[in-house]
Amino acid sequence: MPIDKEKNRSNIKNNDSFFVLAVETSCDETSAAVVQGTSTGPVLLSNIVASQIDRHKDFGGVVPEIASRQHLKVIDKIISAAVREAGIEFSELDSVAATRGPGLVGALLVGFAAAKALAFALNIPFLGINHVAGHIYANFLVQDEVPTPFICLTVSGGHTDLIYFSNRVEYEILGRTRDDAAGEAFDKVARFLELGYPGGPAVEKLAESGSAVSIDFPRALKDSQDYDFSFSGLKTAVINYVHNLKQRGEAVNLPDLAASFQQAVIDSLKLKVERAVEVYQPKALLLAGGVAANSVLRAEFAELAAGHNIPLLLPPLEFCTDNAAMIAAAAYYRRIRGESDPLDLEVEPTLCL
Ligand code: KG4
Ligand code: ZN
């Protein structure tokens, strides 16, 4: 979706606005974005994303060394492009933010060091941003009204968290995955089936022509009264299913397998989200993270929310997967509270919310 800067600018209601540049290099996308902070929220002016997926495809997953080297190669160009496209000068920036974690340490370091260097050179504040928070704040780039309290399900390659927000900044984690993240399950199953990387889109495509009720995969923790998730057993169930068929000399129906696996992931997520909605009675349900790009998941969660008479808010597809716009949005909410971080702050590859 192209950014409509003129429309975005016309939303700006006061003149004392400020510009935040953000950098995201936690995994396999090098990205930089500029938001204009206004009294009504963050307004996106640019979001440049350079994906490295083609460089990792042959390996069936992200190779950390290659990721760092590629980030290093393009980071300066991506940052310049983001500032240029925003139509501002570096000297107009209020602050520079970068993803602090979670992510690959070498990859995080590239964006973090670049952002710190820029903040130091321009003598402006620096902010280290939690990547998972970024995924959630992506919603605030596109939604004018987010009724509170709300519940957000963050589902990506590295995290699966169910979070209750009493307002945009105060939250409580209701549950999270005890082992693999939902996206990780998609990636591992895709790798096992040799569908390529990233796994989510490949599984979703294959599932389109399959039956979601053909194989009864487990919905882990469905009877536990907490809000936790677990996906490693499901991955093992898929592997065992394929091995059993092969041992019997039977062919695997890949589309059926993909559709049934995908449905098991979606059902496991829905079970806990629905329980949380019933108990906490939020005014809205939000989705965030790469797995929220899955169209079956989006449709089923829309149904779930409608069944409880609350809106389902989700970012457009390009803000679901990794991007710096979401990091800039999260940084905006820290800047309006006057926050910044010291330049000796370090990256945190296992950072949690
Ligand atoms: O948010 P993201 O770009 O990076 C992380 O922070 O992890 O999420 C990437 C994850 C990958 O596991 C990928 O397979 C999954 O999101 N994903 C999908 C889809 N598109 C991306 N999973 C299911 N269906 C999709 N269409
Ligand atoms: Zn992410």
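Trainee: Which helices and strands each supply at least two residues of the lining of the largest pocket?
Mentor: This is a predicted model. In it, the elements that each supply at least two lining residues are α5, β7 (160-165), α7 (182-192) and α8 (199-207).

Trainee: Which of them gives the most?
Mentor: Helix α7, with six residues in the lining.

Trainee: How much space lies in that pocket?
Mentor: About 1,200 Å³. The lining has 46 residues, and the closest to the centre of the pocket are S156, G157, G158, D187 and Y197.

Trainee: How does the lining divide into nonpolar, polar and charged?
Mentor: There are 17 nonpolar residues, 19 polar and ten charged.

Trainee: Changing topic to the metal. What are the protein donors of the zinc ion (ligand 2)?
Mentor: Two histidines and an aspartate: H131 and H135 through NE2, and D322 through OD. These donors lie 2.0 to 2.1 Å from the zinc ion.

Trainee: And what is the spacing of the donors along the chain?
Mentor: The pattern is H-x3-H-x186-D.

Trainee: Where do H131 and H135 sit, then?
Mentor: Both are in helix α5 (residues 131-137). They are four residues apart there, so about one helical turn separates them. Helix α5 is also among the elements that supply at least two residues of the pocket lining.

Trainee: Are those histidines buried or exposed?
Mentor: H131 is buried, at 4% relative accessible area. H135 is buried as well, with a relative accessibility of 0%.

Trainee: What is the geometry of the zinc site?
Mentor: Tetrahedral, with four donor atoms and angles of 96 to 132 degrees among them. For reference, the ideal angle for four tetrahedral donors is 109.5 degrees.

Note on methods
Residues are numbered from 1 along each chain as its sequence is written. Chains are lettered from A and ligands numbered from 1 in the order in which they are written. This is a predicted model: local features need pLDDT of at least 70, side-chain atom pairs count only at pLDDT 80 or more; totals for chains, interfaces and linings use all residues. Side-chain values use heavy atoms; hydrogens and water are left out. Donors are N, O and S atoms within 2.8 Å of the metal (3.2 Å for Na, K and Ca); water is not among the atoms, so sites may look incomplete. Four donors count as tetrahedral if all angles lie between 85 and 135 degrees; four count as square planar and six as octahedral if opposite donors are over 155 degrees apart and all others between 65 and 115; anything else is irregular. Buried means under 20% relative accessible area, exposed over 50%, partly exposed in between (1.4 Å probe, protein chains only). On a 1 Å grid over the protein atoms alone, a cavity is a set of points where a 1.4 Å probe fits but cannot get out, and a pocket is an open set with protein on both sides within 12 Å along at least five of seven lines; lining residues have an atom within 4 Å of a point. Grid points are joined across faces, edges and corners, and a volume is the space filled by probe spheres set on the points. Ala, Val, Leu, Ile, Met, Phe, Trp, Tyr, Cys and Pro count as nonpolar, Asp, Glu, Lys and Arg as charged, and the others, Gly among them, as polar.
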